[in-house]
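Please open the structure in your viewer and keep the selection tool at hand.

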Amino acid sequence: NEIFGDFGGILPNYEIRPEKSSNINLGVQYNIFFKSGRELLVKVDGFIRDQEDLIRPVRFGFQNIRFVNETQVNGRGIELSTRFSPISNLNLTVNFTSLSNEIGASAANGSVGRQVPNIPRLFFNTSARYTFENLFNSTNALEVFWTYFFIDRFSRNEVDDINQANPTEVIPAQHIHNAGVIYRMKENGLSFSFNLNNILNAEVFDNFRIPRPGINYQLKINYSL
């Protein structure tokens, strides 16, 4: 799709070059397992990425995008993830990411040090899941879950200071709540799921500030052979 497009909004770019990256990653993970079956996991990862010819999408016109190369990008970031089971069958998770992607010195002077457009710098999510096992004296299980996603504001254009950017070019901070249930019939290989997305009908956008759906729902039936 990056080279040939997909005839559905992605324009071709036959001059696209493959990405190159030199990375350093360092992580620490800590686990505690309790006698009651509870578990606590904390994981922290840091990374440095010196990237050449980073492939990223750029808008062309109102409805189309095209993938282009960013000559040099200096990426720095940290990720934190935790998982905790305070009681049996209840799982709580938290994930946090802070990311910086600065345009490197090989770019035009006016772009050096600016953030690569269309990429959030800070995002966060948390979830809670509880499973009711062996329902109705069978192996069936019912899982109930809730998730929350936060994406901090970012710009779809190169800017020196997002606080002084044109508001129409800034994707605002987004808060998204989802909830749902999954019913699994293990003996039959069947599962039924109902997801209620964006339950607070918040205003949400994609990375090009195009509005995404408000409150919506999904019903799925899966069969495993």
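A residue is called buried when its relative accessible area is under 20%, exposed when that area is over 50%, and partly exposed in between.

**Stop 1: Arg-209**

The model is a predicted one. Select Arg-209, which is found in the loop between S11 and strand S12 (216-223). Is this residue buried, exposed or partly exposed? Arg-209 has a relative accessible area of 26% and is therefore partly exposed. Its backbone also deserves attention: Arg-209 is not a glycine, yet it has a positive phi of about 70°.

**Stop 2: confidence along the chain**

Next, colour the chain by pLDDT, the predictor's confidence in each residue. The mean over the chain is 90, and 98% of the residues reach 70 or more. Confidence is lowest in strand S1 (residues 10-11), where the mean is 88, and highest in strand S7 (residues 141-151), where it is 96.

**Stop 3: Pro-18 and Asp-53**

Select Pro-18, located in the loop between S1 and strand S2 (20-33). Pro-18 counts as exposed because its relative accessibility is 60%. Which residues does Pro-18 touch, not counting those up to four places away in sequence? They are Glu-52 and Asp-53. Draw a distance between the C-alpha atoms of Pro-18 and Glu-52: the two are 8.8 Å apart in space, although 34 residues apart in sequence.

Now move to Asp-53, which belongs to strand S3 (residues 39-60). With a relative accessible area of 13%, Asp-53 is buried. Asp-53 has a positive phi of about 60° and is not a glycine.

**Stop 4: the largest nonpolar core**

In soluble globular proteins, nonpolar side chains tend to be buried together. To view such a group here, select Ile-10, Ile-16, Ile-55, Ile-65, Phe-67 and Phe-208, the six residues of the largest nonpolar core. Apart from neighbours within four places in sequence, Phe-208 is in contact with Pro-57, Val-58, Arg-59, Ile-65, Asn-118 and Arg-156.

**Stop 5: the largest pocket**

Select Gln-115, Arg-121, Ser-155, Val-159 and Ile-162. Of the 19 residues that line the largest pocket, these lie nearest its centre. The volume of this pocket is about 330 Å³. Its lining comprises eight nonpolar, five polar and six charged residues.

**Stop 6: the cavity**

Select Leu-99, Asn-101, Gln-115, Val-116, Ile-119, Pro-120 and Arg-121, which line the largest cavity. How large is the volume of this cavity? The value is about 30 Å³. The count of cavities of 30 Å³ or more comes to one. By class, the cavity lining has four nonpolar, two polar and one charged residues.

**Stop 7: the second largest pocket**

Turn to the second largest pocket, with a volume of about 190 Å³. Select its lining: Phe-149, Ile-151, Ile-176, Asn-178, Asn-197, Asn-198, Val-204, Arg-212, Pro-213 and Asn-216. Which strands each supply at least two residues of this lining? They are S7 and strand S10 (174-185). The lining has five nonpolar, four polar and one charged residues.

Asn-197 is placed in strand S11 (residues 190-197). Its relative accessible area is 16%, so Asn-197 is buried. Leaving aside neighbours within four places in sequence, the contacts of Asn-197 are His-177, Asn-178, Gly-214, Ile-215, Asn-216 and Gln-218.

**Stop 8: Ile-182**

For the last stop, select Ile-182 in strand S10. Why does Ile-182 count as buried? The reason is that its relative accessible area is 15%, and buried means under 20%. Ile-182 is in contact with Ala-141, Leu-142, Glu-143, Phe-145, Phe-192 and Ser-193, once neighbours within four places in sequence are left aside. Finally, draw a line from the C-alpha atom of Ile-182 to that of Leu-219: the separation is 9.9 Å, for two residues 37 apart along the chain.

Methods. Residues are numbered from 1 along each chain as its sequence is written. This is a predicted model: local features need pLDDT of at least 70, side-chain atom pairs count only at pLDDT 80 or more; totals for chains, interfaces and linings use all residues. Side-chain values use heavy atoms; hydrogens and water are left out. pLDDT is the predictor's confidence in each residue, from 0 to 100. Helices (H or I, at least four residues) and strands (E, at least two) are DSSP runs, numbered from the N terminus. On a 1 Å grid over the protein atoms alone, a cavity is a set of points where a 1.4 Å probe fits but cannot get out, and a pocket is an open set with protein on both sides within 12 Å along at least five of seven lines; lining residues have an atom within 4 Å of a point. Grid points are joined across faces, edges and corners, and a volume is the space filled by probe spheres set on the points. Ala, Val, Leu, Ile, Met, Phe, Trp, Tyr, Cys and Pro count as nonpolar, Asp, Glu, Lys and Arg as charged, and the others, Gly among them, as polar. A nonpolar core is a set of buried Ala, Val, Leu, Ile, Met, Phe, Trp, Tyr and Cys residues joined through side-chain atoms within 4.5 Å. Buried means under 20% relative accessible area, exposed over 50%, partly exposed in between (1.4 Å probe, protein chains only). Contact means heavy atoms within 4.5 Å.
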